[in-house]
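Please read it alongside the sequence and the structure.

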Amino acid sequence: MIWNNEAETLSRDALETLQLQRLKSLITRVYSAVPYYRQKMDQAGVAPSDISNLSDSQRLPFTTKEDLRLNYPFGLFTVPLEDVVRVHASSGTTGKPTVVGYTKEDIVTWAELMARALVCAGAHKGDMIHNSYGYGLFTGGLGAHYGAERLGATVIPMSGGNTRRQIMIMQDFGSTVLLCTPSYALNLAEVMSDIGIEPSSLKLKVGIFGAEPWSQNMKEEIERKLNIDAVDIYGLSEVIGPGVSCECIEEKGGLHIFEDHFMAEVINPDTGEVLPPGETGELVFTTLTKEAFPVIRYRTKDLTKLITKPCSCGRTFYRMQRVTGRTDDMLIIRGVNVFPSQIEHVLMSIKGVEPHYQLIVDRKGSLDTLEAHVEVSEEIFSDEIKMLEGLSRTIEKEIKDLLGITCKIKLVEPKTIQRSEGKAQRVIDNRKI
Ligand code: DLL
């Protein structure tokens with residue numbers, strides 16, 4: 001099913017005409033409303049009148065998190081503050097959060113896009129949507145909530161935490177769709193098993209998971225453990241929140257970008273050069289319709305590639321491949337670049353290894369070291385030391401063979417790695433301390 005058939009199946013020509021029209025009006029508006037953007041465009045030698053086709057957008061300067069920081073909290077809003085009906089914020093790694101704002105119309109747009117995403121992922125009116133994304137400054141909870149209401153489904157505003165109670169509600173209310181981070185989905189599955197609840201006794205049929213990277217193996221593990229279809233949803237506060245792109249339940253092979261609202265580019269993160277579809281690089285977005293807080297060529301730091309192949313679901317929007325990492329979470333271990341998600345992929349393919357792990361990066365002298373703390377199942381943990389040593393060696397070898405790095409493995413007792421209620425912290429980098 002498609003929520004907005006007209007918009008989601010536009011021909012490429014019609015889509016690009018619409019994008020260009022929206023881009024022109026955005027640039028004109030932002031140029032006159034925000035001195036900071038005007039100055040940046042002047043410096044780059046580009047004026048609104050220079051935008052006469054879509055590729056002219058490549059002349060526009062990028063926007064980065066640093067630009068948002070310099071204008072903290074409301075400096076890049078393009079409407080008077082009295083027209084802003086909601087703010088959200090994402091926690092920055094350094095100090096101040098990134099603040100984003102919405103007009104009444106922006107909230108309507110966002111709800112519409114989230115409704116699209118939910119339908120794309122297989123939800124319908126009549127579903128009981130169990131929303132465990134955190135409510136608050138984080139965009140996950142309220143963003144998904146408004147979309148579920150727009151769809152006309154019943155929404156249970158759970159927020160994160162209190163896992164046993166979540167399970168009780170799931171049973172009693174008959175939740176059919178689960179919304180949360182993939183790491184919290186695993187946490188829910190584990191608690192269900194601890195208290196003896198068989199997932200197949202629940203009405204859950206689909207989980208719409210996002211807000212953090214997860215590997216294909218992790219996805220399959222969640223599907224198996226919760227007896228559902230797991231679908232990937234992507235978004236970021238600076239662009240709108242959840243509902244920028246979503247996988248379709250039909251293919252589960254890449255996330256459809258809602259391109260009538262968000263123009264996507266993939267660039268070489270080192271040179272800023274735009275890459276052709278199919279090549280992996282940093283994802284960049286221009287919001288085409290947002291009123292209060294539009295962004296122009298915002299560098300997400302997320303790594304992906306665009307998929308232009310038509311999709312069997314009928315949507316014509318290009319897809320983006322699952323985000324496998326960020327330019328800033330790449331680890332360089334003795335010269336080899338590796339993303340935590342690649343290690344996760346290897347770990348999840350080994351029998352007896354639980355989907356709970358933490359990576360500890362350190363520096364000994366001038367060399368970076370990597371250690372993975374990996375939980376194993378009860379049965380394995382109670383095996384002889386010799387068996388455990390054998391398993392550690394197997395994992396180390398597998399990582400070395402596939403990724404070319406040395407990663408010391410420490411097998412830890414079941415349930416010793418902290419469980420997540422929202423975004424999991426999988427990497428502890430002691431080099432920065
Ligand atoms: O995480 C919005 C969101 C809420 C998306 C609920 C999906 C579901 P932020 O807190 O601003 O917003 O974090 C955005 O999270 O740049 C990615 O690095 C990461 N991220 C979001 N979705 C995915 C995903 C929300 N499906 C940052 N896969 C983004 C991988 C994701 N990473």
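How far does a polar side-chain atom of Arg-326 lie from an oxygen atom of the ligand? The distance between the polar side-chain atom of Arg-326 and the ligand oxygen atom is 3.2 Å. This is a predicted model, in which local features need pLDDT of at least 70, side-chain atom pairs count only at pLDDT 80 or more, and totals for chains, interfaces and linings use all residues. Residues are numbered from 1 along each chain as its sequence is written, and side-chain values use heavy atoms, with hydrogens and water left out.

**Ligand site**
- A nitrogen atom of the ligand lies 2.7 Å from a side-chain N or O atom of Asp-232, while a backbone N or O atom of Glu-212 is 3.3 Å from a nitrogen atom of the ligand.
- The protein buries 93% of the 610 Å² that the ligand exposes when taken alone (Shrake-Rupley method, 1.4 Å probe).
- The shell around the ligand receives 5 residues from β7, which gives the most, and both α6 (139–151) and β7 (229–236) supply at least two (helices, H or I, of at least four residues and strands, E, of at least two are DSSP runs, numbered from the N terminus).

**Domains**
- Domain 1 covers 1–327 and domain 2 covers 331–429, with bounds from an automatic or database domain assignment.
- The centres of domain 1 and domain 2, taken over C-alpha atoms, are 30 Å apart.
- Their contact (heavy atoms within 4.5 Å) takes 25 residues from domain 1 and 18 residues from domain 2.

Definitions and conventions: Polar contact = N/O pair within 3.5 Å; in protein donor to acceptor, adjacent residues only side chain to side chain.
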